[in-house]
Amino acid sequence: MSSFRKNVDACNDGNAPKGYCANQDYSEGSDYLVHDIAQHTNLRSGPHELLSRGVLGKRKLPVSPVKMLVGREGNCTGRGRFSSADGCHVLSRYLPVNGPRWVDRLQSRAYVSQFSADGSLFVAGFQKSHIRIYDVDKGWKVQKNILAKSLRWTITDTSLSPDQRFLVYSSLSPVVHIVNVRSAASESIANITEIHDGLDFSVDGYNDDDYDALGIFSVKFSTDGKELVAASSDNSIYVYDLESKRPSLRIPAHKSDVNTVCFADETGHLLFSGSDDHLCKVWDRRCFGTRGKAAGVLVGHLEGITFIDSRGDGRYFISNGKDQTTKLWDIRKMSSNTPYTRRPRDTDFDYRWMDYPTHARALKHPHDQSLATYRGHNVLRTLIRCYFSPAYRPYAASLCRFQIAGNQNGIIFADLIGTGQKYIYTGSSDGSLYIYDLVTGAQVASCHGHEKPVRDCSWHPLYPMIITSSWDGVIARWEFPGSEEEPSEAGGRRQEKEKEGLAFED
C-alpha cells in the first residue's frame with residue numbers, strides 16, 4: 001500500500017519532528033539563510049512581490065495558486081502573464097506525489113533509471129543484463145529492449161548521448177558498451193541482433209590483475225557528446241575520447257573506490273567526484289597537466305559518498321553519503337590541499353548489510369565545509385542516488401501547457417515548466433522517495449510504495465512526474481494529485497504475481 005506525507009511548514013517552528021529539518025542552524029543570522037544559493041533559488045522559484053501582497057505575517061509561506069491566478073488575471077505585475085519564477089512557484093505547489101502507478105516490472109533488481117534531456121525517452125537498467133528504453137510520449141511503449149553483454153554483477157550505470165542517438169552502459173569491468181538507440185531493431189541482443197561496441201577504459205601498462213580489478217561505477221556523456229567521464233574501482237577517474245576510441249586522461253583521484261563523477265557544467269572543464277574515502281573533489285582539466293592534482297577538496301561526510309549531482313552552474317553540487325545524509329556544497333569553500341585523515345566513525349559499519357548505528361547519527365565532521373545537510377532518508381545496501389529538481393526550461397514553455405486549476409466556469413491553464421531547482425530528491429533503502437526544500441531544509445514530501453531499496457529516481461524535465469526504480473523490480477510513476485487513474489498498489493500486485501508463480505527476487 002502506498003502512502004504519502006507532506007510537511008511544508010516543518011521548519012517554521014521549533015517543534016518540527018526530528019529528521020525533517022535538514023540544516024544545523026536555521027537562525028536568522030546563519031550563513032545558510034543568507035548564502036548566495038538561497039537568494040538565487042528564491043529568485044528563480046519565488047512569486048513576484050506584487051502577486052504576494054496581502055499575506056501579512058505569513059511572508060515566508062507559499063502564495064496560493066488561486067491568489068496568483070487572480071493577480072495574473074488582474075495584471076498586477078503589468079506583464080499580463082507569469083514570469084518563469086512565478087510559474088515555478090505555482091508548479092512547486094503540485095508536487096508529483098500521487099502514486100505509485102506501475103510503468104514496468106521485471107524479475108530483476110532495477111539499478112538505474114533516467115529521463116532523456118527533453119523527457120521523451122526513459123531508460124531503465126536492471127541487474128540481469130536488461131536495459132529498456134521507453135517512449136514516454138507513446139504511453140510508455142518499450143522502444144528498445146537491450147540485452148547487455150559481458151556483465152559483472154550488474155549494470156552499474158547508463159547514459160544517453162545529448163542527441164539521443166547512442167546509449168552507453170557500464171558494469172564492474174573496464175569495458176563500457178555503446179548501443180545505437182535509433183536503429184530499426186526493437187530487440188538489441190548484444191552481438192547477435194546488433195553490435196554493442198566495447199570501449200576499453202584500461203590504459204597502457206595495465207597487467208592482467210589490474211585489468212580484472214577495474215570496474216566502472218558511473219559513466220556520463222559530456223554535453224557535446226564527444227567524451228565520456230567514468231568513475232572506477234581503481235580509485236581513478238577516466239576521460240574517454242569517443243573520436244579516437246581511447247582514454248584521453250586517467251586521474252588517480254582518491255584513496256578508495258570512486259563511486260561517482262560528473263561534469264560540473266556545459267563547458268566540460270570541471271569535474272566533481274566522490275569516493276569511499278569520504279571526500280568530494282573538484283578537478284579542473286585545463287590545469288591538470290601542469291598541477292597533476294585536484295583543484296580543491298571538500299570534507300564533511302563521515303562515510304563514503306554514493307552519488308554526486310551538479311546544479312549545472314559549475315559552482316554548486318549535492319552528494320549522498322553512507323553517513324545517511326545528503327549535503328549541499330559550494331566549490332568556493334573548497335580547500336586546496338586537505339590531507340586524507342581518519343574521521344570519527346563506527347569502524348565496524350558496513351552499509352551493504354548493516355543498519356547505520358544510532359549513536360553515529362549524532363556525529364559531525366569537525367571540519368565540515370558543506371552549506372547544508374539533509375536528513376531523513378536511508379543510504380544503505382546500494383549506491384543510492386540524489387538529484388536537484390528540474391530547472392526552468394524557457395525553450396519548452398510554448399510547447400507544454402499544464403492544467404493547474406479548474407472550476408465550473410472552465411479550466412485555467414498556465415505555461416509552467418520546471419521547479420527552479422527548488423528541491424532536492426533522493427531514493428532511500430526503506431523503499432521510499434524523499435523530497436527536501438533546498439533553502440529551508442524541510443522534508444516536504446516522502447512517497448512510499450516499494451518493498452525494497454529505491455536506488456535511482458528521475459524527475460521529468462517538463463512535467464510534475466517522478467519515476468522511481470527499485471530492487472523490487474518495479475519502475476513506478478508518481479504524479480501530482482488529481483489524476484482520475486487509480487494508483488496501483490505494489491503489495492496487491494505482488495500478491496497477484498506470486499499467485500501466477502512470479503515471486504520477487506531477493
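Trainee: Where does the charged end of Arg 109 sit?
Mentor: The charged end of Arg 109 sits over the ring of Trp 471, 3.9 Å from its centre. The cut-offs: NZ of Lys or CZ of Arg within 6 Å of the ring centre and within 35 degrees of the ring normal. Bear in mind that this is a predicted model: local features need pLDDT of at least 70, side-chain atom pairs count only at pLDDT 80 or more, and totals for chains, interfaces and linings use all residues. Residues are numbered from 1 along each chain as its sequence is written, and side-chain values use heavy atoms, with hydrogens and water left out.

Trainee: How many aromatic pairs does the structure hold?
Mentor: There are 16 aromatic pairs. Rings of Phe, Tyr and Trp (its six-membered ring) pair if their centres lie within 6.5 Å; planes under 30 degrees apart are stacked, over 60 edge-to-face, the rest tilted.

Trainee: Which residues do ring pairs link into a cluster?
Mentor: The cluster takes in Phe 307, Tyr 387, Tyr 423, Tyr 425 and Trp 459.

Trainee: OK, the largest nonpolar core. Which residues touch the most other members?
Mentor: Leu 95, Tyr 425, Ile 435, Val 444 and Trp 459 do, out of 19 residues in that core. A nonpolar core is a set of buried Ala, Val, Leu, Ile, Met, Phe, Trp, Tyr and Cys residues joined through side-chain atoms within 4.5 Å. Buried means under 20% relative accessible area, exposed over 50%, partly exposed in between (1.4 Å probe, protein chains only).

Trainee: Which strands each supply at least two residues of this core?
Mentor: Strands E27 (423-427), E28 (432-437), E29 (443-448), E30 (454-459) and E32 (474-479). Strands (E, at least two residues) and helices (H or I, at least four) are DSSP runs, numbered from the N terminus.

Trainee: What is Trp 459 in contact with?
Mentor: Leave aside its neighbours within four places in sequence, and Trp 459 is in contact with residues including Leu 95, Phe 115, Tyr 423, Tyr 425 and Ile 435. Contact means heavy atoms within 4.5 Å.

Trainee: What does the second, separate core include?
Mentor: That core has 16 residues, among them Tyr 111, Val 112, Ile 146 and Leu 160.

Trainee: Why would nonpolar side chains group like that?
Mentor: In soluble globular proteins, nonpolar side chains tend to be buried together.

Trainee: Back to E28. Which residues are on its faces, and are they buried or exposed?
Mentor: Ser 432, Tyr 434 and Tyr 436 are on one side, and Leu 433, Ile 435 and Asp 437 are on the other. These are all buried.

Trainee: How many bridges join E27 to E28?
Mentor: Five, and the two strands run antiparallel. Strands pair if DSSP finds at least two bridges between them. Ile 424 stands opposite Tyr 436 in E28. On the other pairing, E28 and E29 are antiparallel over five bridges, with Ser 432 opposite His 448 in E29.

Trainee: Which residues take a positive phi in those hairpins?
Mentor: Gly 431 does, near 80°, in the hairpin of E27 and E28, with four residues between the strands. Gly 441 does, near 85°, in the hairpin of E28 and E29, with five residues between the strands.

Trainee: Which residue other than glycine has a positive phi near 75°?
Mentor: Trp 153. Trp 153 lies in the loop between strand E6 (141-147) and E7, and counts as exposed because its relative accessibility is 56%. Asn 235 has a positive phi too, about 70°. Asn 235 is in the loop between E13 and E14 and is partly exposed, at 24%. Most residues other than glycine have a negative phi, and most peptide bonds are trans.

Trainee: Which peptide bond is cis?
Mentor: The one from Gly 99 to Pro 100, with omega near 5°. Pro 100 is in strand E2 (residues 98-105).

Trainee: Last one. In what order do the strands of the open sheet with E13 and E14 come?
Mentor: The order is E12-E13-E14-E15, with antiparallel pairing. E12 (216-221) and E15 (246-252) stand at the edges with a single partner strand each, so one side of each has no neighbour in the sheet. Inside, E13 (residues 227-232) and E14 (residues 236-241) pair over five bridges, and Leu 228 stands opposite Tyr 240 in E14.
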